[in-house]
Structure formats: C-alpha cells, structure tokens
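This briefing covers the strand pairing and the helix packing of the model shown below. Please read it alongside the sequence and the coordinates.

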Amino acid sequence: MGRLCDVSNLRNICEFSMSLTLTLNFFGGRSPSWVEEGCAVYLKRLSGSMEISIKEQGSGKVAGSGAISNASKAVKNFLKQTNNSDWVVVFDEGGQPVSSTDLVLRLAAWRSFGKKIRLVVGDADGLHESVLERANEVISLSRLTFPHHLARLLVLEAIYRAESIRIGHPYHRS
C-alpha cells in the first residue's frame, strides 16, 4: 500500500510504495541516435523499479495556430487516447520549478494515485495549448532552454536520479 512521505525522511521514503507505470509522450518525432542511446541507458536502469513506455507523438503544432480545431493530428490523438482519469504531467518552460528531492515526492504521490501517469515533453515549438490545459501538473526542467530532444533525456535522468534518492543509491550526491 502506498503512502506519501516528507522530505525529511528521503532515505526511507515510501518503503511500502505501489508500483509505478509511466508513459512518456514525446512530441516532435524521433530523436538523434545519441539521444536515443542516452534514453536507453536510463530506461534500462529504471526497468527494475518501474514500468516505462515511450510514445512518439509526432509534430505537436500546426504552424501559426493555437486553436484546437487546427491542432495537429498528433495532439488530437494524444487527447483522444488520454482518459479523464489519467494523471498528465507536462514538462514546460513555464511550469513550476522542482528539485530532485521534490521529484522524489512527486513520484511517491504518483505511485499512490493508482492512475495511469502520462509525462509529456513538447516539440521545438513547445506544446499546443490544449495539451497544457489538459495537464494536471506543469513542471519546468530548468530556467534554461533546452532542445526538445535533449529535454527527453533530461526527464529520464531526473526520474532515475529521483529513484536513486528514494532507494538510497549513491548516484545522487547531495
């Protein structure tokens, strides 16, 4: 049975946590091979602690348009495939900044929800407003701006770092 924990107890956080299944929804098409190789490293490292799947969504915007009627096919498909009960977390430059220890707590909370968790990274133009409106949480990776392909790798590294903190693995050095 899952339970939420506080930052003061990170070494023992959620020792009775439920399993976690994440779907990473990446808009913008395939990444360069070096990004895919890096993502594969973190996916392999995380395979023992959670189930992660990646969905390549295609281009997320139609040039010059913010209206849902003009949203790309990829955006419409994402919204259609996302149930009302899914918990959608968007990574966007305008989102709330979080630390690695904050992410530990969020992962613990997401485990306790018992819902499908969808993490979303936009393409070079960001995310369509309808995806941002659907989000339950909007998180910023950094105040810096990164290429969208690199943001995919950063999301996976951040999740791995948070899991390492949770289980007391020495990967994270605070």
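β3, helix α3 (residues 100-113) and β4 form a right-handed β-α-β unit, where right-handed means that, with the strands pointing away from the viewer, the path from the first strand over the helix to the second runs clockwise. Helices (H or I, at least four residues) and strands (E, at least two) are DSSP runs, numbered from the N terminus. This is a predicted model, in which local features need pLDDT of at least 70 and side-chain atom pairs count only at pLDDT 80 or more, while totals for chains, interfaces and linings use all residues. Residues are numbered from 1 along each chain as its sequence is written, and side-chain values use heavy atoms, with hydrogens and water left out.

**Sheet**

- Five strands make an open sheet in the order β2-β1-β4-β3-β5, with parallel pairing, two strands being paired if DSSP finds at least two bridges between them.
- At the edges of this sheet lie β2 (51-58) and β5, each of which pairs on one side only.
- Neighbouring strands are turned against each other by 30° on average, direction ignored; axes here are lines fitted to C-alpha atoms, for helices over the stretch in contact, and angles run from 0 to 180 degrees between N-to-C directions.

**Partners of β3**

- Strand β3 (residues 87-97) pairs with strand β4 (residues 117-121) in the parallel sense over five bridges; W87 stands opposite I117 in β4, and V89 has L119 as its bridge partner there.
- β3 also runs parallel to strand β5 (residues 137-140), to which five bridges join it, with Q96 opposite I139 in β5.

**Helix α5 and its contacts**

- Helix α1 (residues 33-46) and helix α5 (residues 148-167) have axes that come within 9 Å and cross at roughly 20°, which makes α1 roughly parallel to α5 (angles under 35 degrees count as roughly parallel, over 145 as roughly antiparallel, 65 to 115 as roughly perpendicular and the rest as oblique).
- Residues of α1 including W34, Y42 and L46 meet residues of α5, among them L153, L156 and Y160, contact meaning heavy atoms within 4.5 Å.
- By class, the contact of α1 with α5 has 11 nonpolar, two polar and four charged residues; Ala, Val, Leu, Ile, Met, Phe, Trp, Tyr, Cys and Pro count as nonpolar, Asp, Glu, Lys and Arg as charged, and the others, Gly among them, as polar.
- The axes of α3 and α5 come within 8 Å and cross at roughly 85°, and these two helices are therefore roughly perpendicular to each other.
- In α3, residues including L103, V104 and R111 meet residues of α5, among them A162, E163 and I165, and the contact of α3 with α5 divides into seven nonpolar, two polar and four charged residues.
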